[in-house]
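The sequence and structure are shown first.

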Amino acid sequence: SPSSTYIKLWADMQKDLDTMLQREREEFLQPQEDREKVWKMLATAYVQYLEIFRRLEASHAHLIHQQKRAAVRQVLDGVMGRLLEIKREMVALESSECHCMDSILLELQRVPEDIEIPIPEYFVKENLRALQEREQYLQEILLNAGLLEEEPVRAMTLEEAINVIQVAERARQGRARAAFMRRIYLEEKRQSGKQQKKMRINPDAAATCIQKVWRGYRQRRATEKLREEEMVFLGMSSTEMINGTGSLPPEVEARSVLQKANVLQGEVQERENYSFRQELREAEGSHIKETLQDEIIQCFIECRHITGRFPDYPPEKTGGSKAIFIEKHPEQVAEELAGKKEAVKKEKSKKEEAKGQKAGKKAVDEGWKMSPSNFLSILEEGSSQYQVFWENRDNKADFLQDHDPELIKGGEREEVEEEIRVQQVDEVMQEQLLKVKQAVDGEIGPRGKKPGKGDKVRASWEMMSLACRTIDSLFQELAEEGLLIQVKNVNLSDYIGYYDCLSNTLREKGAQPVPSIPEVRQLVSLYGILPLGSQTVHENAPLVKSLLLAGPAGVGKKMLVHAICTEAGANLFKLTSSSIAGKYPGRDALMMMLHMILKVGKELQPSVVWIGDTERMFARGAAKGEDEVNFKRLAKLLPQFLRAVKPQDRVLLLGTTRRPFDANLGPFCKVYQKIILIPKPDYLTRFALWKHYILQGGGTLTKLVNLNCLAQVSDGFTQGHVVEVVHTVLTELRLLQMARKPLRTAEFVTALARHDPVYIEEEEAF
């Protein structure tokens, strides 16, 4: 079955992942002095992790069992994060975002397409209903505000009109024939009824008819029962297997059966949310409460034995008694107290050592060493869970891919413990501790703490007057002001382009070539889509808060912005000089606007804040008008905005620029952590673009259209030029004439000649 195929794929992938983890323990933890060897190690691990990532994503997308999907999801997020960590090391090693991977691909017997970054389907599928409702709500707001552009009505072609008329006429004839046949049937039934009334029915014939019906019914029941027993014997689907829950009420059982039927048909992957919290409270609640109380008492006694007094009970702000179990064991308290006394001496010695290290760093080269990872522990935990729960599991017996109650209980047991600790244990233990401290140590209450500077209430940029407003009202205001826009449904794979084989020749000569389009897709996926789509990746991976797409007009920067939002299911906030003109004048109003965007973006994350023509914000000269002055004010507030974005906030500042060389590069480059240069298309890409857009526009390719010639002539032109030329040539009238007057190369060349290419001076400026 398809499910067993992907379970086997998961098992094979897990073996490869264990091999990779073992290799990392052996190689990456040792300092290396040979930079070429280090780069080869990193590039090989990068390609192998990508292969594991691709197979994991396929398994996660096609598995039906929800608990297996959760186990795969944990490892999938870990692999994505590890990829980003390895990419960081490769960039630091080569001081370049793009790398020559030809030798590694040849050694591993891979093709360039194997290093494309796959986009997990769960980014959008798991939140599909919420995204659809949000999109519909945004569309209603824009429609009521008169900001929604109506879709142009496209005229039908002659073939489409004939097809519509044929469908309607055939349907009319079918309805007329059905009505005619129904009249004939009713007439025949009426005539047969009259004849039966005239004829007297024989009692023996009536009894025979009744016996015939009853015997047929009884035999069918017996046959169904025999078939059911045979299906149970073979271990296939049966009503007993479906209704095996037993303890569920009939309504829940019926709903569960329907859901499982839909899952087996591949229509949905959602399941009934089974919960055993109440059962755990009744069966294990008292035992959990006693265990927690005993552990807290034991901890307090050991602390008093070491420190000479009972400690204060942890306040609710720090998590209550949860802090006791998170912190170190009481045996280590004495060492911590001794360490505090020696802290002053250590600080003095560190200052002296730092002075000596500054002088010795240049002379001593310890070699390269891999930075600490936040995802290896996640991968190791996922590997151990697979070995314990899933490796030796008999999947043949799990025909319905049903849930495992013990796994659900294991996950919910921690929640029940937390609930009991907060609601029952903390209050009781706090009262007991106060009584014991009063009786033994003579203390009336917890020791007071003098308020320090850090405890004072400070005016934060995030805490503004908008705190009392709802998210819906802020969402509506941003949409009505044109700052929250609809995302065009564009996938990253729609950004067509192929690898530039000549770039490696330039790298060998020591030059830094322009990234190819596939490399742009990879960088956009790594720095934009993956962190926005996964909360785990965004919190633990190297954090990229801002990204800049730079390139000539028409290379597809706006398309990439919409592709990032489409693939990650993100909201899109658009900030340009025209979109904020006359709406939020002054510094305070701009701060309020950014706070609104940040508040809505955090609440409805993931979100992308797109700044178009961002070089105008950092222009060197003086601003001309009031709108330009206001737009330049925004540049000084962006660093403050980025500081307010925390690792748990999936918000990305995304800028696009056509003329980055016009900006003041100092503050410009400080705002954007990563800068991706978008190239104009090469020959192979131009060939594919002409073919794709001509066919998409309804054109027909014949020998009279020389795509090689078009690809050669359009050298220096961008993707936007190709799209505009095709739309100019393929008008409705021209499409109607195509049957008797085929397309010719000269038509496209003539239209292309009206546009200006990207000249060599502009390329050198980039």
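Lysine 680 and glutamate 763 join their side chains in a salt bridge, with N and O 3.5 Å apart. Lysine 680 sits in the loop between strand 6 (674-677) and helix 25, and glutamate 763 belongs to helix 30 (residues 760-765), so this pair ties together parts that are 83 residues apart in sequence. The model is a predicted one.

Across the whole structure, a search finds 21 salt bridges. Three of them, including the one above, are listed here.

| Pair | N to O distance |
|---|---|
| lysine 680 and glutamate 763 | 3.5 Å |
| aspartate 715 and arginine 686 | 3.4 Å |
| glutamate 187 and arginine 190 | 2.6 Å |

Aspartate 715 lies in the loop between helix 26 (707-713) and helix 27 (719-729), while arginine 686 is in helix 25, 29 residues apart. Aspartate 715 is partly exposed at 46% relative accessibility, whereas arginine 686, at 4%, is buried.

Glutamate 187 and arginine 190 both belong to helix 7 (residues 158-198), where they are three residues apart, about one turn of the helix. Glutamate 187 is partly exposed, with a relative accessible area of 37%, and arginine 190 is partly exposed as well, at 44%.

A network of salt bridges links Glu24, Arg82 and Glu85.

The axes of helix 2 (residues 35-62) and helix 3 (residues 66-94) come within 9 Å and cross at roughly 155°. Helix 2 is therefore roughly antiparallel to helix 3. Their contact involves 21 nonpolar residues, one polar and eight charged. The crossing of helix 2 and helix 3 is left-handed.

Methods. Residues numbered from 1 in each chain as written. Predicted model: local features only at pLDDT ≥ 70, side-chain atom pairs only at ≥ 80, totals over all residues. Heavy atoms only, no water. Axes fitted to C-alpha atoms, helices over the stretch in contact; angles between N-to-C directions. Helix = DSSP H or I, 4+ residues; strand = E, 2+ residues; numbered from the N terminus. Parallel < 35°, antiparallel > 145°, perpendicular 65-115°, else oblique. Left-handed = near helix turned anticlockwise from the far one by under 90°. Nonpolar A, V, L, I, M, F, W, Y, C, P; charged D, E, K, R; others polar. Salt bridge = Lys/Arg side-chain N within 4 Å of Asp/Glu carboxyl O. Buried < 20%, exposed > 50% of the residue type's maximum accessible area, 1.4 Å probe, protein only.
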